[in-house]
Amino acid sequence: MSDMRSQAISFGLKSEEYDRIVELMGREPNFTELGIYSVMWSEHCSYKSSRAHLGKLPTEGPQVIQGPGENAGVVDIGDGLAVVFKMESHNHPSYIEPYQGAATGVGGILRDVFTMGARPIANLNNLRFGAPDHPKTPYLVNGVVHGIGGYGNCMGVPTVGGDTQFDASYNGNILVNAMTVGLVRADRIFKGTASGVGNPIFYIGSKTGRDGIHGATMASAEFSEETESKRPTVQVGDPFTEKLLLEACLELFETDLVVGIQDMGAAGLTSSSMEMAGRAGSGIRMHLDRVPMREEGMTPYELMLSESQERMLVVVRQGAEDEVKKIFDKWDLDCVAIGEVTETGRAELFWHGEQIADLEVGPLADEAPKYNRPYERPAWLDEVRALDVASLPMPDLDEAFRKVVASPNIASKEWIFRQYDHMVQTNTVQGPGGDAAVVRIKGTSKAVALSSGCNGRYCYLNPRRGAAIAVAETARNVSAVGGRPLAITDCLNFGNPERPEIMWQFVEAIEGIREACDVLETPVVSGNVSLYNETNGVGIYPTPMIGMVGLLDDVEKRTAQGFANDGDVILLIGETLEEIGGSEYLQVVHGRVAGDAPQLNLIREKAVQQFVRDVIQEGQARSAHDVSEGGLAAALAECCITGAEPRGATVRLEGGLRPDVHLFSESQSRYILSVPAIHAKRVLDKAASVGLPASRLGTVGGSRLVIEGMIDIPVAEINHLWRNGFAQVFEQGTHG
Amino acid sequence: MKFGVLVFPGSNCDADCFNTIEQIGQPVRYVWHKETSLRGLDCVVVPGGFSFGDYLRCGAIAKQSPIMEEVRRFAAAGRPVIGICNGFQILTEAGLLPGALISNQSLQFVCKNQYLRVSNTRSPFTHLFRNGEVVEMPVAHHDGNYVADPGTLKELEDEGQIVFQYCDAEGRLTPESNPNGSVNNIAGIINRSRNVLGMMPHPDRCADALLGNTVGRKVFEGVLSKVGI
């Protein structure tokens, strides 16, 4: 084997991929060129296993200004404004070095959004950790939460939502998915394109160091015992510099000097320059010795592959050099012209005047391998889906209820979100802890409603339906506060795609997202794929995380989930079926993950959401809450304890279901509403008139939650269990 | 009355303060930290955030900024200066207020709504409150744990310079209601001349009816009608 070929393999390329490179170049690459190819063709940058399927996702709609393919997606919200958003994973680095991994995950997604010209107005984070009692979990939880807070708080961007779930399937591969939403004038959107022959290419932001070299390659492989040794591939964050970069870029965007801009994220200078040239069909010439360096003795290879943070590549109009420099001087940021746009279609790299790389841009950016990997339904699926509900022992219902409410998956995550600044910018009308966050748009009557999440257990049992449920539920959350779902971003976290059963999960999940987005009319405008979330051959639950953005035209017409008034009538919209497959109850009380994910009728889902939004618009709902994990029991508990003050309720569940099933079933397309007594009949009649099942459950009031014949517990105790269930498990790890 | 809101690299509540001042109908402008004049301004606000990344020590680098010399002169002339959160930290570093702010006892950032007792109303910033009034304001900081030597504390108490204290809903100064470990539950103080305020809670975040709380306006509005204090 040639030296370069074995080098290629050590960089994560396959032997046949190396052959293809040699064929494309007409010669063997040198070391720097090979480094560039290896990161551009890594799974992380090229989506080579997933591209064949991502194209199936719906990406268009009248509200879409920019779909996938740019740094982030853009959706019109009227009034000449648009929201820019994207979700991205930082899973592998966060497991290796939780603080920096999570921090730079936040930093990266923020850059993706402000690169487009938008000021970030909200962050959300979706975290998946191993079992709460796994020895590493408290350490990882603490590190990740501190890292997210450390970065986001400093940036002055409120962290308003997200979710956190625990399951043993994430023991060796945690998930850290970060989402940023930005606000931009619809006519001032900037893109990552390097056009205009002769235009200068500026490097701005932090100096380049040796951190994160081959981070993208690391994120494209499984973990093994040697993972700890990968720490040098993790980047180090500097939120202060990013804050300066943000303000300086927004100042730059006020001018008309910018031709194109892209942040240096995964694969750093390589991917930013090659992608920008690729999109424009142009060439680039760069002098790497001009790149600001953090240390001496760095090589062109290191400069091209470093993933040092807080850097941007900007192409500006010829002659604008001085004006651009003035802006970055004000913010004390490096700003250096390192090259220019050419017409050659080639990337020509120089080092002290000598050409050290000469590559055709097209193949690098567009001709990465694209695999149609084989996929096959796993043989074990029938076994895990089998669940004989009748054979489950009937637990003590009060005890089961206590366990579910205090489970770290259900319990309040205040311990996490009080470590995040969720109020800065003074737009947070509803912060973390509700069904969806509500962030007001200053200068208008509008607000955006934001929700993100995914139930990995459902996706494990039924990836297609689980993925569709993730879309449906985030939309349901947005509707619960009165918002109209607009569009999604996704972050598809899976195991090793070279295994047919993992690839099957991926392909199925794409189908599920497609079906749900089609019916709910929420196209996918941006996204990210994270594969190889696997350690020693054991993959995570498939977790296609969904970030949903919705719009409230009038921020005054919104609801929260907590009961607000004694005597209000509690209504259930939707119906409860015998569906405890994959439920929190089954896991927490019976120690099992089995059965099938709940059914999902998307037409029904859409109708239920429309109905609830109408009731909110008409001012008849005093509260609205989506029924999800933990079923009616958990939802009622949350309604009782999350209002301005705790309130009891007396409820009666009718029907032929087993009591535990009735309490904890996770049937979809359900809401609990509380309405003033005088409106109850009208709301029920309205539901009947549009063919939706709706029933009167009971009334708000008293100091206990009474579910007749099943549960009778003081609200104060529920409050205590729910508020402390999480902190009790993780406070210990604070100093660990 | 014209307000100036200082902007350091890393300030991130500058816009929130700016908006609050606009909400109370007063003219306001940003003052970049490299400026050297506060001419034409009647009140200076040092906003929250992470000036210079809070690297080294919160406020330690900001106090070296060119504008701070002018802020010292402005304060010495008896004009009102309001430091919020990081602004409070900067003012203690700059020696305009006594004591220091160190890491929260929990070693965690804390962001939540917090009850405060207005412990002294004899200042331009607090005279619109009732003495002993309990109000709610957001806190959001990692280093809000106020410390001072016993002599300084005694002086603060004797001179009535402690204006806000963390408390529970009934106004009791309990350890449980103290979010960061501050000595004597101190949340905000004024200087001896009563024209410089430093407070960790954010009046700039509770000045908008849509967010459900407008009590923070009083801190700013107080300055407008300070005559007679």
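Reader: Leaving aside its neighbours within four places in sequence, which residues is Leu636(A) in contact with?
Author: This is a predicted model. In it, Leu636(A) is in contact with Ala649(A), Val651(A), Ile672(A) and Leu705(A), once neighbours within four places in sequence are set aside.

Reader: And which residues have the most contacts inside the largest nonpolar core?
Author: Leu636(A) is one of them, together with Met40(A), Val405(A), Leu450(A) and Val471(A). That core has 307 residues.

Reader: Which helix gives the most to this core?
Author: Helix α20 of chain A, residues 500-520, gives the most, with 10 residues.

Reader: Let us turn to α22(A). How many residues does it have, and how far does it reach?
Author: Helix α22(A) covers residues 602-617, which is 16 residues. From its first C-alpha to its last it reaches 22 Å, close to the 22 Å expected at 1.5 Å a residue.

Reader: Which of its residues are buried?
Author: Glu605(A), Val608(A), Gln609(A), Phe611(A), Val612(A), Arg613(A), Val615(A) and Ile616(A) are buried. The buried residues of this helix pack against several elements of chain A, including α19 (463-480), β17 (484-493) and α25 (677-689).

Reader: What follows the helix?
Author: Gly619(A) follows α22(A), and its phi is positive, near 75 degrees.

Reader: Changing topic, how many residues of chain B are in contact with chain A?
Author: There are 22 residues of chain B in contact with 22 residues of chain A. The largest share of chain B's side, 3 residues, comes from β6(B). By class, that side has 12 nonpolar, 6 polar and 4 charged residues.

Notes:
Residues are numbered from 1 along each chain as its sequence is written. Chains are lettered from A and ligands numbered from 1 in the order in which they are written. This is a predicted model: local features need pLDDT of at least 70, side-chain atom pairs count only at pLDDT 80 or more; totals for chains, interfaces and linings use all residues. Two residues are in contact if their C-beta atoms, placed from the backbone, lie within 7 Å. Helices (H or I, at least four residues) and strands (E, at least two) are DSSP runs, numbered from the N terminus. Ala, Val, Leu, Ile, Met, Phe, Trp, Tyr, Cys and Pro count as nonpolar, Asp, Glu, Lys and Arg as charged, and the others, Gly among them, as polar. The expected span of a helix is 1.5 Å times one less than its number of residues. A residue is buried if 20 or more other C-beta atoms lie within 10 Å of its own, exposed if 12 or fewer, and partly exposed in between; C-beta atoms are placed from the backbone. A nonpolar core is a set of buried Ala, Val, Leu, Ile, Met, Phe, Trp, Tyr and Cys residues joined through C-beta atoms within 7 Å.
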